[in-house]
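Here is a chain to be discussed in questions and answers. Please look it over before reading on.

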Amino acid sequence: MPLVFAAAAVHAPGITGRRQNATEAQRAVFFGAYRRLRERLEAARLEVLVMVSAEHFTNFFMDNMPAFCFGLADSYPGPAEDEPYLKIPKTKVPGAARVARALATAVSDEVDIAHSEELVLDHGFMVPLHLLTPDMRVPIVPIVVNCLAAPRPGLKRCYALGRSLRRAVDARPERVGLLACGGLSHWPAVPESGKLNVGWDRAFLEDFLAHRRDALTRYSEEEIERDAGPGGHEVRAWIVVSAATEGAPGETLCFEPIPAYAITGCIATMAV
């Protein structure tokens with residue numbers, strides 16, 4: 001069964017924690033796009049959703065920071081954040097352990113990865129899940145990417161992971177979806193919080209939708225930090241999905257700069 005759903009969406013904690021801070025017009029555009037994405041996800045009748053998101057010092061710290069980590073558990077607790085902050089109730093998200101192990105084994109033939117049976121889900125996973133599958137019934141395979149602490153995995157390595165992951169998914173009998181969570185430009189937890197680089201976001205999105213490998217992987221660490229902020233390193237998750245969907249037409253469901261959420265509210269899909 002080939003991949004049946006692929007998308008990318010931002011996951012900032014303000015989306016649920018400070019929803020009211022955006023203007024009414026911004027909320028209408030942004031949450032309307034998330035509703036359309038939810039409809040497409042439900043129409044895909046997924047048996048498993050592979051989610052690629054960033055590390056936020058939830059599971060790993062400077063004593064051990066893997067480039068890529070596959071979750072292999074039967075379920076995952078989340079969110080790690082307090083409910084009053086994120087406004088998402090504590091729950092357990094079902095895992096797809098058997099599929100996760102098969103994918104991790106296949107990918108390991110080509111890309112070095114870590115794995116864990118004790119991952120905790122933070123806002124990077126839980127904000128999209130809360131908006132797309134609020135009943136938390138779709139089993140997930142979480143993949144955590146080090147977008148936080150240098151040395152981060154190179155962008156070409158992220159692209160290689162996406163290609164390898166696609167081959168592994170296409171060998172499965174289940175109906176599998178793929179979702180990148182995070183980025184684009186943002187400056188979290190620094191004095192510049194709320195700053196956006198809309199021009200950079202738009203250029204990256206165009207390359208993402210067109211699967212332009214050379215363009216997506218051309219950025220240096222310093223360029224991302226300067227032009228997209230420390231949160232901009234989360235584009236690694238998007239690169240994984242673009243690589244995994246090479247040749248598929250892309251569509252933007254939303255491109256709405258929302259400084260109140262400290263992100264450009266960007267949601268995109270691939271017609272796999």
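**Contacts, core and backbone**

Reader: Which residues does Ser164 contact, leaving aside its neighbours within four places in sequence?
Author: Contact means heavy atoms within 4.5 Å. Leaving aside neighbours within four places in sequence, the residues in contact with Ser164 are Ala106, Val107, Glu110 and Val111.

Reader: What kind of model is this, and how are residues numbered?
Author: This is a predicted model, in which local features need pLDDT of at least 70, side-chain atom pairs count only at pLDDT 80 or more, and totals for chains, interfaces and linings use all residues. Side-chain values use heavy atoms, without hydrogens and water, and residues are numbered along each chain as its sequence is written, from 1.

Reader: Is Ser164 buried or exposed?
Author: Ser164 sits in helix 6 (residues 155–170); helices (H or I, at least four residues) and strands (E, at least two) are DSSP runs, numbered from the N terminus. Buried means under 20% relative accessible area, exposed over 50%, and partly exposed in between, with a 1.4 Å probe and protein chains only. Ser164 has a relative accessible area of 2%, so Ser164 is buried.

Reader: How compact is the chain?
Author: The chain has 10 helices and 10 strands. The radius of gyration, taken over C-alpha atoms, is compared with a globule rule of 2.2 Å times the number of residues to the power 0.38. For 272 residues that rule gives 19 Å, and the chain is close to it, so the chain is as compact as a globular protein of that length, with a radius of gyration of 17 Å.

Reader: Which residues touch the most other members of the largest nonpolar core?
Author: In soluble globular proteins, nonpolar side chains tend to be buried together. A nonpolar core is a set of buried Ala, Val, Leu, Ile, Met, Phe, Trp, Tyr and Cys residues joined through side-chain atoms within 4.5 Å. The largest such core has 101 residues, and those touching the most other members are Phe30, Leu49, Phe70, Leu165, Phe204, Phe208 and Trp238.

Reader: How far apart in space are Leu37 and Thr269, C-alpha to C-alpha?
Author: Leu37 lies in helix 2 (residues 24–43) and is buried, at a relative accessible area of 0%. Not counting residues up to four places away in sequence, Leu37 touches Phe5, Ala7, Ala9, Leu132, Leu253, Ile267 and Thr269. Leu37 and Thr269 are 232 residues apart in sequence, but their C-alpha atoms are separated by 7.9 Å.

Reader: What is omega for the cis peptide bond that joins Gly78 and Pro79?
Author: Pro79 is in the loop between strand 4 (75–78) and helix 3 (83–86). The bond from Gly78 to Pro79 is cis, and omega is about -5°.

Reader: Is Arg45 buried or exposed?
Author: Arg45 lies in the loop between helix 2 and strand 2 (48–54). Its phi is positive, near 50°, in a residue other than glycine. The relative accessibility of Arg45 is 54%, so Arg45 counts as exposed.
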